[in-house]
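Please open the model in your viewer and keep the selection panel at hand. The tour moves from one selection to the next and says what is found at each stop.

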Amino acid sequence: MKSYKNPLRRKLAEGRTTFGLWVTLATATMTELAIEAGLDWVCIDMEHGATDYRDVVEHARAARGSDLAVLVRVPSIAIDSIKRCLDLGADGIVVPLVRSARDVEAALDFARYPMAGKRGLGGERAQRWGLRVADYIATANEEIMVIPMIETAEAAAAIDEICAVSGLEFAFVGPGDLSASLGHIGAWEGPGVSDKIRQIVESARMANVTLGTYGVGPDDVRSRSEQGFRFLAIGSDAAMLANRIGNELDAIHNLMPALGRKIA
């Protein structure tokens, strides 16, 4: 076995803009569909919904042998959830509700092996059940992606300090929660939020931190790419399914009266 390599890191290092799917459904079929659709990454969401560690394993297994990276949004900034997700085979962690540079330092610390960090050495799926420990640890500290979410007013205010954290390479902007944190709950990008995002983009650019974010539709994804975001979620599985079902049903409702059919 070759040393562990992260496929998303390689694509970003090549200067590519990458596209992913936010996964909220437990079924690993969503990751298989993401691979077939040609996406570059999925993010398994453990912060919201019912997704658990067993589901993380199944999504990671579904991606094995492909060129798709599996990220996991952990429930919180905690060493137990971070190291377990990595041991189960995640290529990176997305860290919610970051508020300060200290939070980012803690996440990096929990995700790295000594002496760079505090991650304990397990013999789980990532290490091929203990059979390939040396191969994995040879590159894990360099290949694992730690991606703090900039989604709070505190993080936005501290963005220069966050971007200056030693070892930070990536961050993910959450427009909806950032908007809520700034007093506009329910708005995707409330008044003044776009200015905050521009400031975040500029701070990240100056610090050579690669940014990701979530897009709401093709136009928004294109706009975010033009702003400088390099890994973009094109949507979430449940929302996209619900929208497609709703759109199809609306089309059927509009069509059936023309055919003389009644809709109950």
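The model is predicted, so to speak of local features a pLDDT of at least 70 is needed, side-chain atom pairs count only at pLDDT 80 or more, and totals for chains, interfaces and linings use all residues. Residues are numbered from 1 along each chain as its sequence is written, and side-chain values use heavy atoms, with hydrogens and water left out.

**Aromatic rings**

Rings of Phe, Tyr and Trp (its six-membered ring) pair if their centres lie within 6.5 Å; planes under 30 degrees apart are stacked, over 60 edge-to-face, and the rest tilted. Over the whole structure, a search finds eight aromatic pairs. Select Tyr113 and Tyr136 to see an edge-to-face pair, with 6.4 Å from centre to centre and 85° between the planes. Tyr113 is in the loop between helix H5 (101-111) and helix H6 (133-137), and Tyr136 is in helix H6, so the pair ties together parts that are 23 residues apart in sequence. Helices (H or I, at least four residues) and strands (E, at least two) are DSSP runs, numbered from the N terminus. Tyr113 and Tyr136 are both buried, that is, under 20% relative accessible area, where exposed is over 50% and partly exposed lies in between (1.4 Å probe, protein chains only).

Next, select Phe172 and Phe231. Their ring centres are 6.0 Å apart and their planes are at 50°, so this pair is tilted. Phe172 belongs to strand E6 (residues 170-173) and Phe231 to strand E8 (residues 231-236), and the pair links these distant parts of the chain, 59 residues apart. Both Phe172 and Phe231 are buried.

Select H5, whose buried residues are Ala101, Val104, Ala107, Leu108, Asp109, Phe110 and Ala111. Their cover includes helix H4 (79-87), strand E4 (92-95), strand E5 (145-150) and helix H9 (159-163). Contact here means heavy atoms within 4.5 Å.

Move to Ser179 in helix H10 (residues 175-181). Ser179 counts as buried because its relative accessibility is 0%. Leaving aside residues up to four places away in sequence, Ser179 touches His184, Ile185, Ala187, Trp188, Glu189, Gly190 and Val193.

**Cavity and pockets**

On a 1 Å grid over the protein atoms alone, a cavity is a set of points where a 1.4 Å probe fits but cannot get out; a pocket is an open set with protein on both sides within 12 Å along at least five of seven lines; lining residues have an atom within 4 Å of a point. Grid points are joined across faces, edges and corners, and a volume is the space filled by probe spheres set on the points.

The largest cavity has a volume of about 40 Å³. To display its lining, select Arg9, Leu108, Arg112, Ile144, Met145, Val146, Gly167, Leu168, Glu169 and Phe170.

The largest pocket has a volume of about 480 Å³. Of its 23 lining residues, Tyr4, Lys5, Pro7, Asp91 and Arg128 are the closest to its centre. Helix H1 (7-13) and helix H3 (53-63) each supply at least two lining residues.

Finally, the second largest pocket holds about 260 Å³ of space. Of the 13 residues that line this pocket, Arg73, Met149, Asp177, Trp188 and Tyr214 lie nearest its centre. H10 gives the most to this lining, with three residues.
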